[in-house]
Amino acid sequence: MGEGSIMMERLLEPEVMDDPEQALAYARADFEEENQGFVDRFMDSYPDLTEGHVVDLGCGPADIPIRLARALPGCRVTGVDASASMIRLGEEAVRAAGLAERITLMCQRVQAFSLPEAADAAISNSLLHHLSNPLQFWYAIKKLVKPGSYVLVMDLLRPESPEAAQAIVDQYAAKEPAILRRDFYNSLLAAFTEDEVAAQLAELNLSRLLIDVPDDRHWIVGGRVY
Ligand SMILES: C[S@@+](CC[C@H](N)C(=O)[O-])C[C@H]1O[C@@H](n2cnc3c(N)ncnc32)[C@H](O)[C@@H]1O
């Protein structure tokens, strides 16, 4: 950000991606590079996690749970998403992948979600920016995993202006359908900055988690939760 420039305020977008057309456009989009990159990073960061239960918050159409379950045959995954349309698409994809025995999907808001037994790891991609109160997300993470569990959370980084957000959409999503480009733009405007995420972690005593900014539009938080 240039000297003297003022950071754009966060502009919330609707929380749940419930519109069936919107969910279908998202499920059909090509997130191979981003989603496989996320799973690869999880595997590289936590090579000793080869079995157990991983919970995915805001799992959408279950592309990441499927990639993770394939990569870790000793793990089971529970995905939670508040959108019935996303869960329907996710269940179809899980069945088609032959992974219904190891992947369970639940249609619930993460703020109200609980597990009968705490999980061994938590992951989340691109959910946090949907929430009006980000602290509820970090609280849910803490509540859902055993102490000492691994966490990997990725989301978009808010650009400094609407023009910068539009430039990112034009650069990375020029060929995507209009509905997806609209959602991407709105998501960038609703996203958090690195400093805001750091403040959220500090507020919930999660400062041991580390923030990385791997490219011009993402932040990633990883480490163990105690
Ligand atoms: C941008 S999508 C990301 C989906 C998936 N994690 C991925 O990377 O492909 C965000 C998802 O979060 C879901 N979501 C939004 N608010 C939620 C909440 N409070 N609880 C659970 N899911 C929520 C939306 O319905 C949507 O499916």
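**Close-up views of a predicted model**

**Figure 1. The chain as a whole.** Eight helices and seven strands make up the chain. The model is predicted. Its C-alpha trace spans about 50 × 40 × 30 Å along the principal axes. A compact globule of 226 residues would have a radius of gyration near 17 Å, and the chain, with 17 Å, agrees with that. Of the 226 residues, 38% count as buried. Take the contacts between residues at least 6 apart in sequence: 74% of them join residues at least 24 apart.

Figure 2. Strands of a sheet pair through backbone hydrogen bonds, in either a parallel or an antiparallel manner.

**Figure 3. Strand β7 and its two partners.** β5 (residues 145–156) and β7 (residues 218–225) run antiparallel. Eight bridges join them. Two facing pairs can be picked out here. Y150 stands opposite R224 of β7. L156 faces H218, also in β7. How many bridges join β6 to β7? Three do, and these two strands run antiparallel. L210 has G222 in β7 as its bridge partner. A hairpin of five residues leads from β6 to β7.

**Figure 4. The shell around the ligand.** The ligand is surrounded by 23 residues. The closest are G58, G60, A82, S83 and N125. Which elements each supply at least two residues of the shell? α3 (63–71) and β2 (74–81) do. By residue class, the shell divides into eleven nonpolar, eight polar and four charged residues.

Figure 5. F113 lies in the loop between β3 and β4 (119–125). Is F113 buried or partly exposed? With 17 other C-beta atoms within 10 Å, F113 is partly exposed, because burial takes 20 or more. Set aside the neighbours of F113 within four places in sequence. The contacts of F113 are then V80, M106, Q108 and A140. E51 gives a reference point elsewhere in the chain: the C-alpha atoms of F113 and E51 are separated by 23 Å. Along the chain, F113 and E51 are 62 residues apart.

**Figure 6. A191 between two helices.** A191 has its place in the loop between α7 (178–190) and α8 (194–203). How many other C-beta atoms lie within 10 Å of A191? There are 25, so A191 is buried; the cut-off is 20 or more. Neighbours within four places in sequence are again left aside. A191 is then in contact with H129, D155, L156, L157 and R158. One of these contacts, L156, is the residue that stands opposite H218 in β7.

Notes
Residues are numbered from 1 along each chain as its sequence is written. This is a predicted model: local features need pLDDT of at least 70, side-chain atom pairs count only at pLDDT 80 or more; totals for chains, interfaces and linings use all residues. A residue is near a molecule or strand if its C-beta atom, placed from the backbone, lies within 6 Å of it. Helices (H or I, at least four residues) and strands (E, at least two) are DSSP runs, numbered from the N terminus. Ala, Val, Leu, Ile, Met, Phe, Trp, Tyr, Cys and Pro count as nonpolar, Asp, Glu, Lys and Arg as charged, and the others, Gly among them, as polar. Two strands pair if DSSP finds at least two bridges between them. The radius of gyration is taken over C-alpha atoms; the globule rule is 2.2 Å times the number of residues to the power 0.38. A residue is buried if 20 or more other C-beta atoms lie within 10 Å of its own, exposed if 12 or fewer, and partly exposed in between; C-beta atoms are placed from the backbone. Two residues are in contact if their C-beta atoms, placed from the backbone, lie within 7 Å.
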